[in-house]
Amino acid sequence: MTIDYLIIGQGLAGSLLAWELIQRGCKVIIVDNGKENASQIAAGLINPVTGMRFVKSVGVDSLLPTAQQCYSELADFFQQSFYREKPMLRLFRSAKELSHCLKRLQNPDYHDYLGAITPTDQTIKNLITPFGLLEQKQTGYLLTRPLLASLKDFFIARQCYRQANIDYQNIQLQPTLRWQDISPKQIIFCEGHHATGNPWFSWLPFQLVKGEILTLEHQSQLPDKILNFGDWLIPLNDHHIRVGATFDRENLNNLPTECGKNALLTALNTISADLTQVRLLNHQANIRPCTLDKQPFIGHHPQHLKLAVFNGFGAKGSLQIPEFCRHFADNLLTNTPLPSNIQRYYATHFTG
């Protein structure tokens with residue numbers, strides 16, 4: 001079987017790239033092992049301004065409308081909403097953090113994303129806010145699990161999905177590119193953290209991070225907004241919330257831990273005394289494919305040009321992937337230059 005692109009991995013990166021290429025008339029097959037991946041567990045948060053210094057995500061003025069358009073088009077196609085736009089309350093943890101925010105509010109470039117500050121003397125019921133809080137705009141979260149399930153059904157219906165474990169030794173490079181009965185023009189690896197074991201792309205400087213997330217039941221009255229307090233809280237409905245996420249660079253596995261659970265519950269108790277009594281509904285863990293320079297890994301292998309990678313979006317995948325899918329599709333089909341190309345690492349690892 002001759003096809004245009006064989007995509008390895010049905011996380012958010014592989015799924016949206018396959019969708020984009022199919023919309024452009026390409027013949028695609030996507031292969032996945034069928035196991036739970038980091039995209040399914042991820043919160044799917046979209047937050048244009050992050051960090052203690054309130055810095056806009058690089059390229060967010062373009063990334064955000066592209067992501068919103070992408071998820072709107074998917075919602076129209078599947079007749080199901082996947083993106084929940086919801087304001088975020090940023091609870092200041094120190095006077096210094098408040099000071100950084102006040103400076104940003106003087107910058108017109110931030111006015112579309114940062115709203116009003118609520119001072120300490122104007123409390124919000126059931127929230128502990130000793131330094132006040134800020135409402136952030138154009139924030140929300142992606143329902144990654146139902147989106148990936150819908151896309152999987154779409155791929156299966158088009159006969160372009162296979163469930164299989166990829167053995168790299170079974171990929172034939174010469175005389176023609178081949179895997180099983182498939183002869184693709186190119187293979188694109190969208191494997192998440194598994195890329196560190198890929199014989200062609202393991203040289204890329206991934207910086208993997210394990211994250212744990214809790215789903216909890218509570219009886220408190222909370223604002224119907226995302227809360228950001230170093231960790232984050234997403235209200236799913238009146239009495240269910242998701243809380244995350246831990247950052248563990250040492251224990252890289254998908255096993256939930258008591259340590260992770262307790263850290264999240266302790267952090268939760270610092271913002272609301274009413275959340276000391278919660279019931280644990282689910283505790284999940286997985287590994288985010290973050291990168292050393294915080295930029296995704298996109299491009300072709302310097303010595304095997306028919307092999308490519310589309311990976312490394314980390315915690316910002318929901319925001320970044322839709323636009324980078326368009327850029328990469330343009331590159332694949334018309335050789336348009338990529339904005340974030342793995343060529344930046346060629347000199348470090350390859351000569352000649």
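Trainee: How many residues does helix α3 have, and how far does it reach?

Mentor: Helix α3 covers residues 60-78, which makes 19 residues. From its first C-alpha to its last it reaches 26 Å, close to the 27 Å expected at 1.5 Å a residue. Please keep in mind that this is a predicted model.

Trainee: Which residues of α3 are buried?

Mentor: The buried residues are V60, L63, L64, T66, A67, C70, Y71, L74, A75 and F78. Just after the helix, Q79 takes a positive phi of about 55°.

Trainee: Which residues touch the most other members of the largest nonpolar core?

Mentor: They are L21, Y71, L74, I188 and F310, in a core of 82 residues.

Trainee: What is L74 in contact with, leaving aside its neighbours within four places in sequence?

Mentor: L74 is then in contact with L16, W19, F82, L147 and L151. Another core, of 16 residues, lies apart from the largest one, and its members include L133, V243, A267 and I271.

Trainee: Turning to the strands, in what order do the six strands of the open sheet stand?

Mentor: The order is β11-β2-β1-β14-β21-β20, and the pairing is mixed. Strands β11 (161-163) and β20 (297-300) stand at the edges with a single partner strand each, so one side of each is left without a neighbour in the sheet. On average, neighbouring strands of this sheet are turned by 25° against each other, direction ignored.

Trainee: What holds paired strands together in general?

Mentor: Strands of a sheet pair through backbone hydrogen bonds, either parallel or antiparallel.

Trainee: Which strand is joined to β21 by three bridges?

Mentor: That is β14, residues 183-189, which runs parallel to β21. In this pairing I187 stands opposite L307.

Trainee: Why is β21 described as largely enclosed?

Mentor: Five of the five residues of β21 (residues 307-311) are buried, so the strand is largely enclosed by the rest of the structure. Both of its faces are covered, with L307, V309 and N311 on one side and A308 and F310 on the other. F310 is also one of the residues that touch the most other members of the largest nonpolar core.

Trainee: A change of topic: is N165 buried or exposed?

Mentor: N165 counts as exposed because its relative accessibility is 59%, and the cut-off for that class is over 50%. This residue sits in the loop between β11 and β12 (171-172). Its C-alpha atom and that of G34 are separated by 8.6 Å, although the two residues are 131 residues apart along the chain.

Trainee: Finally, how many helices and strands does the protein chain have?

Mentor: The chain has eight helices and 21 strands. Its radius of gyration is 21 Å, close to the 20 Å that the globule rule gives for 352 residues, so it is as compact as a globular protein of that length. Of those 352 residues, 53% count as buried.

Technical notes
Residues numbered from 1 in each chain as written. Predicted model: local features only at pLDDT ≥ 70, side-chain atom pairs only at ≥ 80, totals over all residues. Heavy atoms only, no water. Pairing = 2+ DSSP bridges. Helix = DSSP H or I, 4+ residues; strand = E, 2+ residues; numbered from the N terminus. Axes fitted to C-alpha atoms, helices over the stretch in contact; angles between N-to-C directions. Core = buried A, V, L, I, M, F, W, Y, C linked by side-chain atoms within 4.5 Å. Buried < 20%, exposed > 50% of the residue type's maximum accessible area, 1.4 Å probe, protein only. Contact = heavy atoms within 4.5 Å. Expected span 1.5 Å × (residues − 1). Rg over C-alpha atoms; globule rule 2.2 N^0.38 Å.
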